[in-house]
Amino acid sequence: MSEHVKSFAAVDLGASSGRVMVGRVGPESLELTEAHRFPNRPVRVPEGLRWDILSLYAGVLDGLRAAGQVDSVGIDSWAVDYGLLDADGALLGNPVHYRDARTEGVAEKVWATVPAAELYAATGLQYAPFNTLYQLTAARSTAQLVAAERLLLVPDLLAYWLTGEAGTEITNASTTQLIDPRTRDWSHDLADRLGIDLTLFAPLRQPGDPAGLLLPRILEETGLRGPVPVTTVGSHDTASAVAAVPATGERFAYICTGTWSLAGLELERPVLTEASRAANFTNELGLDGTVRYLRNIMGLWLLQECVREWGQPDLGELLRVAAEVPALRSVVDAGDATFLAPGRMPDRITDACRESGQPVPESRAEITRCILDSLALAHRRAIREAEALADHPVDVVHIVGGGTRNELLCQLTADASGLPVVAGPAEAAALGNVLVQARAHGLVGDRTSMRRLLARTQPLRRYEPRGDPAAWRAAQDRLTAGG
């Protein structure tokens with residue numbers, strides 16, 4: 001291998017699967033290959049829904065073994081969830097899953113102390129029942145939290161097990177609802193008022209910071225030759241994915257698609273207005289002082305749950321038939337918390353259509369088309385509202401992540417938004433992870449240089465808008481009226 005090309009292992013953990021990818025980066029080259037992929041199956045135990053963190057860690061070790069010799073390791077995952085450690089550094093139980101019911105009704109208790117508008121003005125984070133702030137409030141006085149000496153968000157927990165060094169990466173920390181997006185530091189006043197002990201968190205780290213070296217026992221188990229550094233990346237997978245948006249200018253919107261759709265803009269400063277709060281937009285932190293101004297939309301979770309309920313039929317054939325179903329017969333609010341929990345998703349979709357007085361989709365193809373039309377409509381609304389609230393015009397929409405493989409969703413998003421859609425890369429989070437490592441090791445330059453390299457080396461597909469824009473406006477009006 002050329003001395004100007006280095007290899008980086010990207011541990012990329014999603015809500016339904018994990019993977020270890022190997023990126024080989026040179027001044028004009030970027031190649032990504034999959035070393036190992038493994039399932040992420042939450043487990044329901046008597047006390048609730050939990051992540052099987054030990055299985056995920058075993059998958060990471062297997063992946064590093066399969067990756068072969070690398071120059072660095074970076075870890076990203078979903079947000080908000082955490083593990084608690086005791087005074088000896090031992091894990092106090094499996095991390096609670098963000099879909100667990102323990103946060104039901106907790107937000108109202110928090111707002112009784114810090115009203116919702118004040119909370120948004122301080123943290124810029126949209127309301128979501130599973131934000132870490134609400135999880136910690138729900139856990140107050142539990143034996144685990146009382147015994148805890150350290151709290152580590154999921155990617156930081158895995159990095160700690162690999163290196164023995166603890167830190168809290170800033171892009172993921174910004175999803176806790178305990179960070180001030182203006183100062184990019186903890187909101188101490190807010191935490192004090194809510195009785196949250198910020199000393200539980202390890203010191204903040206920035207993407208690109210060193211996070212320690214793989215421990216000798218990790219080297220022995222994986223067969224890697226030391227020293228192998230772990231490099232802090234944008235450890236919230238959306239932060240890594242946005243870093244891998246192959247934009248050539250600034251007037252773009254992005255949609256990170258997968259289990260969730262995260263649709264929004266990359267800004268230089270947060271938008272903390274009351275109008276922004278009312279529209280439920282979030283201000284999460286990104287690379288290089290940027291803000292990810294976005295809305296969380298339920299995403300392909302809706303379809304994933306239906307497919308699971310239907311016994312895993314062939315997805316390609318399902319999408320082919322769904323494309324032939326008449327458009328926009330029925331739509332649902334893809335951001336509705338009604339769809340958050342697992343189970344009975346087809347029934348919940350049809351119930352929502354029935355209750356809103358729309359035609360009830362009956363076949364699997366009709367339900368699938370309803371979901372994809374609804375997601376495209378939610379993408380349209382998020383992009384248009386973000387443009388207006390941030391006063392940031394958009395000329396093109398970049399779709400990255402697993403949803404880029406869903407050609408129907410990409411075309412429908414172009415149709416709904418009335419803007420061209422550029423789809424790709426599919427493994428955006430892993431690529432962003434790799435590029436931050438490569439930058440820390442001197443192989444690429446600034447964010448613009450990273451994006452130019454992506455645009456030159458990754459397969460992208462462009463979708464032009466087609467059809468009647470009035471049909472999408474009417475569908476949005478129908479949904480708004482139904483709400």
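Two strands pair if DSSP finds at least two bridges between them; helices (H or I, at least four residues) and strands (E, at least two) are DSSP runs, numbered from the N terminus. This is a predicted model, in which local features need pLDDT of at least 70, side-chain atom pairs count only at pLDDT 80 or more, and totals for chains, interfaces and linings use all residues. Residues are numbered from 1 along each chain as its sequence is written, and side-chain values use heavy atoms, with hydrogens and water left out.

Start with the open sheet of 7 strands, whose order is β17-β18-β16-β15-β19-β20-β21 and whose pairing is mixed. Select its edge strands, β17 (282-285) and β21 (461-463), each of which pairs on one side only.

Now select helix α15 (residues 364-390). Of its 27 residues, 19 are buried, meaning under 20% relative accessible area with a 1.4 Å probe, protein chains only. Just after α15, select Asp391, which has a positive phi of about 50°.

Move to the largest nonpolar core, with 164 residues. Such a core is a set of buried Ala, Val, Leu, Ile, Met, Phe, Trp, Tyr and Cys residues joined through side-chain atoms within 4.5 Å. The residues with the most contacts inside this core are Val25, Leu178, Leu302 and Leu375. Its largest share, 12 residues, comes from α15.

Finish at Leu178: its contacts (heavy atoms within 4.5 Å), not counting residues up to four places away in sequence, include Leu133, Trp186 and Phe201.

Terms used. Buried < 20%, exposed > 50% of the residue type's maximum accessible area, 1.4 Å probe, protein only.
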